[in-house]
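I opened my notebook for a slow walk through this chain. Here is what I looked up, entry by entry.

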Amino acid sequence: MEREAQVSEFEDRVVHINRCAKTVKGGRRMSFSALVVVGNKKGKIGVGLGKAKEVSEAIRKGTEAAQRNLIEVNVQDGTIPHDVEIKYGATRIRLIPAAPGTGVIAGAAARAVLELAGVHNILTKIYGSSNPSTVVQACIEGLTTQKNKNDYAVLRGQNA
């Protein structure tokens with residue numbers, strides 16, 4: 001009962017579905033992997049990868065994995081506190097805060113992460129690989145490295 005209440009709070013979005021084929025003596029065996037992002041649009045977000053013989057089962061597994069890997073991100077006034085550039089594998093992503101009314105200017109994979117995190121105004125640019133799994137991981141890493149004014153005040157030894 002408590003788990004169902006927690007699940008309804010979060011919204012999930014399928015970012016990418018990959019079909020794999022293994023050739024065996026009788027033909028081809030198909031399997032699927034689903035990259036799923038889960039978030040509550042208030043700063044909590046998670047990502048999961050589910051693999052199965054059927055698409056629906058892969059999505060279900062991915063959603064469960066994403067809910068187990070929830071993290072807190074720093075969102076302030078519908079955008080991020082400062083711009084950041086993150087490198088993850090062959091993907092480099094730049095996240096730039098934007099003025100109110102700009103919207104989410106991002107590709108499909110980054111858009112899913114940012115919208116479910118609760119970011120409403122942001123500019124993004126992806127350099128290098130645009131593989132959805134690395135873009136999602138880079139975007140999450142970029143959001144988690146954000147610091148606000150209070151964090152910097154504490155680092156300097158000033159009162160927050």
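**Entry 1: around H3.** I began at glycine 118, which takes a positive phi of about 100° just after H3. Helices here (H or I, at least four residues) and strands (E, at least two) are DSSP runs, numbered from the N terminus. Before going on, I noted that this is a predicted model, where local features need pLDDT of at least 70, side-chain atom pairs count only at pLDDT 80 or more, and totals for chains, interfaces and linings use all residues. I also noted that residues are numbered from 1 along each chain as its sequence is written, and that side-chain values use heavy atoms, with hydrogens and water left out.

Then I looked at the helix itself. Helix H3 covers residues 108-117, and seven of its ten residues are buried, so it is largely enclosed by the rest of the structure. Buried means under 20% relative accessible area, exposed means over 50%, and partly exposed is in between (1.4 Å probe, protein chains only). The buried residues of H3 are Ala109, Ala110, Ala112, Val113, Leu114, Leu116 and Ala117.

**Entry 2: the cores.** Which residues touch the most other members of the largest nonpolar core? I found Ile93, Leu95, Val113, Leu114, Val136 and Leu143, in a core of 26 residues. S2, S3, S5, strand S6 (91-97), H3 and helix H4 (132-144) each supply at least two residues of this core. Another core, of seven residues, lies apart from it, and Ala34, Val38, Ala52 and Ala66 are among its members. A nonpolar core is a set of buried Ala, Val, Leu, Ile, Met, Phe, Trp, Tyr and Cys residues joined through side-chain atoms within 4.5 Å.

Not counting residues up to four places away in sequence, leucine 95 touches Ile80, His82, Asp83, Val84, Ile122, Leu123, Thr124, Cys139, Gly142 and Leu143. Contact means heavy atoms within 4.5 Å.

**Entry 3: the four-stranded sheet.** I traced an open sheet with the order S5-S6-S8-S7 and mixed pairing. Strand S5 (84-88) and strand S7 (104-105) stand at the edges with a single partner strand each, so one side of each is left without a neighbour in the sheet. Two strands pair if DSSP finds at least two bridges between them. S7 pairs with strand S8 (residues 122-128) in the parallel sense, over two bridges. Valine 104 is placed opposite isoleucine 122 in S8.

Entry 4: Strand S2 (residues 27-39) and strand S3 (residues 44-52) run antiparallel, joined by eight bridges. Here valine 38 stands opposite glycine 46 in S3. The two strands, S2 and S3, form a hairpin with four residues between them. S3 is also joined by two bridges to strand S4 (residues 71-72), and that pair runs antiparallel. Isoleucine 45 faces isoleucine 71 in S4.

**Entry 5: serine 33.** Is serine 33 buried or exposed? Serine 33, found in strand S2, counts as buried because its relative accessibility is 12%. Its C-alpha atom is separated by 5.8 Å from that of alanine 58, 25 residues apart along the chain. Leaving aside neighbours within four places in sequence, serine 33 is in contact with His16, Ile17, Asn18, Leu49, Gly50 and Lys51.

**Entry 6: two positive phi values.** Lysine 41 lies in the loop between S2 and S3, and its phi is near 65°, a positive value in a residue other than glycine. Lysine 41 counts as partly exposed, at 40% relative accessibility. Aspartate 77 is in the loop between S4 and S5, with phi near 60°, again positive in a residue other than glycine. At 72% relative accessibility, aspartate 77 counts as exposed.

**Entry 7: the whole chain.** I counted five helices and eight strands in the protein chain, with the pattern α-β-β-β-α-β-β-β-β-α-β-α-α along the sequence. The C-alpha trace spans about 70 × 45 × 30 Å along its principal axes. Of the 160 residues in the protein chain, 38% are buried. Among contacts between residues at least 6 apart in sequence, 56% join residues at least 24 apart.
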